[in-house]
Amino acid sequence: MTTLVRSTDTLTRDALAVLQPGFVGTTAPDWLLRRIGEGLSAVGLFGRNIVSPPQLAALTAQLRAERDDVLVAIDEEGGDVTRLEVRTGSSFPGNYALGMVDDTDLTRAVARELGRRLAECGVDLNWAPSADINSNPDNPVIGVRSFGADTALAARHTVAYVEGLQAAGVAACTKHFPGHGDTNVDSHHALPRIDVDLDTLHARELVPFRAAIAAGSKAVMSAHILLPALDPNRPATLSPQILTGLLREELGYQGLIVTDGMEMQAISAVYGIERGSVLAIAAGADAICVGGGLADEETVLRLRDALVTAVRDGELPEERLADAAARVRALADWTRRARGAGGEPGAASGVGAPLAMPGEGTAPGTDIGLVAARRAVRVTAAEVPYEPLTRAPYVAAFTPVANIAVGDETPWGVAAELAAILRGTTTDTYGSAGDGSTDTASLVGNVLGLAGDRRIVAVVRDVHRHPWMADALDTLIAARPDTVVVEMGVDRAEPRGILHIATHGAARVCGRAAAEVITGKGAGA
């Protein structure tokens with residue numbers, strides 16, 4: 001009887017150990033602390049949990065007061081996807097901007113500074129970087145989260161990002177294996193399918209992941225995508241052929257495999273999160289990410305019990321669950337060693353040391369994020385000489401529906417940054433109807449009426465993917481050829497306007513870099 005009780009307790013603790021749940025609030029709820037005491041080994045943080053760095057540090061300290069080796073994870077890509085600065089926009093440009101500069105020293109320095117800030121707040125694991133190659137320009141979920149469409153470029157910047165982040169004592173999580181770039185469906189809403197052959201996968205999608213593994217990426221995140229060339233029946237997250245056969249055995253990866261959010265429709269709508277979690281662990285995953293949408297104790301208990309039941313029913317080998325739990329604990333141990341005594345916030349050896357910044361502005365204390373955003377800007381001027389604005393403009397923001405990964409709560413654009421330079425700048429937001437259409441004449445008429453005689457700055461995001469946006473922009477420029485256009489997404493459309501500025505991302509620093517160009521008030525001006 002004693003052996004049975006001990007075995008049951010161990011099984012339950014292992015089932016809790018493989019979960020990475022979220023929660024609601026800026027302090028840890030009692031139920032979460034209780035489950036950490038019972039064996040929950042990881043917690044995922046989202047924008048809803050973060051107000052400021054001091055508050056975040058206090059939150060992670062609260063979690064560690066219950067268990068000092070709990071693994072604290074976050075989805076902080078920088079750029080368009082930020083949790084640390086969800087209310088203001090990121091201080092760092094994202095992958096697309098870094099890939100455009102194509103200076104791996106810069107990428108490494110940006111990632112290290114981001115890692116330093118995470119470490120200061122007590123975060124151990126960052127669900128970044130995205131190693132996806134943006135081979136499909138119409139991809140609705142990757143876009144500027146990718147370093148670009150070039151395989152070799154994506155691989156070398158993935159390596160630099162992993163190295164920089166882990167130099168700060170924060171584990172990198174390279175995603176979304178085996179590559180989410182060649183999709184036209186968002187896996188938050190449905191199951192994407194990639195119909196390419198094995199040769200293409202090995203020559204394109206898998207190259208950055210091979211490079212990340214060689215660079216020592218501590219974690220890899222699976223994608224909820226179907227690749228018939230590898231497994232015609234199950235998405236990567238649930239596929240033994242992909243997670244065990246390809247990632248573990250063929251590529252030789254021995255670190256932590258974590259799933260993308262299990263409440264995403266690609267999994268939950270087809271398998272349900274309980275069944276999906278069991279299949280994921282059985283397939284070779286070590287950690288279940290859940291909590292972006294489901295963030296309650298009931299979800300944790302449902303998943304815990306589903307895993308325990310699957311072991312007892314013989315569907316999930318107990319050794320596989322134990323191995324997964326051991327990998328979670330091993331990663332927590334690595335972060336504690338990498339960060340210094342006890343893994344306390346700010347305790348990492350070397351964390352906070354001055355960085356050797358590449359390129360311009362290399363003095364200690366340089367704002368490396370702004371340096372990178374400035375270097376990523378590309379400007380196309382019309383034949384008419386452009387005179388920087390000295391009078392407050394009217395900013396028309398043409399806004400697409402944000403994907404869930406980015407979220408719609410984070411501000412973006414150039415209006416706030418322009419207003420800081422030219423007092424009196426005003427702005428309005430324009431969107432499409434639910435079916436993607438819009439009344440172009442009415443929209444442009446509103447812009448012209450509200451702008452009056454002021455210069456118009458039109459801000460767009462992925463204009464090549466949104467016909468309504470392109471039509472509105474063309475109509476506006478026909479009426480006002482002196483319009484300044486700022487593209488803050490993937491810049492595939494032809495330049496428009498008297499001045500066309502491509503920022504290659506919508507982070508706050510990207511908006512500032514654009515505002516500096518528009519006003520001529522940039523560095524050294």
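**Notebook: cores, sheet and cysteines**

I looked up the neighbours of Leu-63 and found that this residue touches Ala-28, Leu-32, Leu-33, Ile-36, Val-43, Val-70 and Val-72, leaving aside residues up to four places away in sequence. I note here that the model is predicted.

I then looked up the nonpolar cores. The largest has 112 residues. Leu-63 is among the residues with the most contacts inside this core, along with Leu-32, Leu-45, Leu-125, Trp-127 and Phe-177. Another core lies apart from it and has 27 residues, including Tyr-386, Ala-392, Val-395 and Ala-506. I wrote one general remark beside this: in soluble globular proteins, nonpolar side chains tend to be buried together.

Next I traced the sheet. It is open, has six strands in the order S2-S3-S4-S5-S6-S7, and its pairing is parallel. Strand S2 (42-45) and strand S7 (256-258) stand at the edges; each has a single partner strand, so one side of each has no neighbour in the sheet.

Strand S5 (residues 171-177) runs parallel to strand S6 (residues 219-222), and three bridges join them. Cys-173 stands opposite Ala-219 in S6.

How many disulfides does the structure hold? I found zero. For Cys-173, the nearest cysteine sulfur belongs to Cys-289 and is 8.7 Å away. A disulfide needs the two sulfur atoms within 2.5 Å.

Cys-510 has 1% and is buried. The cut-off for buried is under 20%.

Terms used. Residues numbered from 1 in each chain as written. Predicted model: local features only at pLDDT ≥ 70, side-chain atom pairs only at ≥ 80, totals over all residues. Heavy atoms only, no water. Pairing = 2+ DSSP bridges. Helix = DSSP H or I, 4+ residues; strand = E, 2+ residues; numbered from the N terminus. Buried < 20%, exposed > 50% of the residue type's maximum accessible area, 1.4 Å probe, protein only. Core = buried A, V, L, I, M, F, W, Y, C linked by side-chain atoms within 4.5 Å. Contact = heavy atoms within 4.5 Å.
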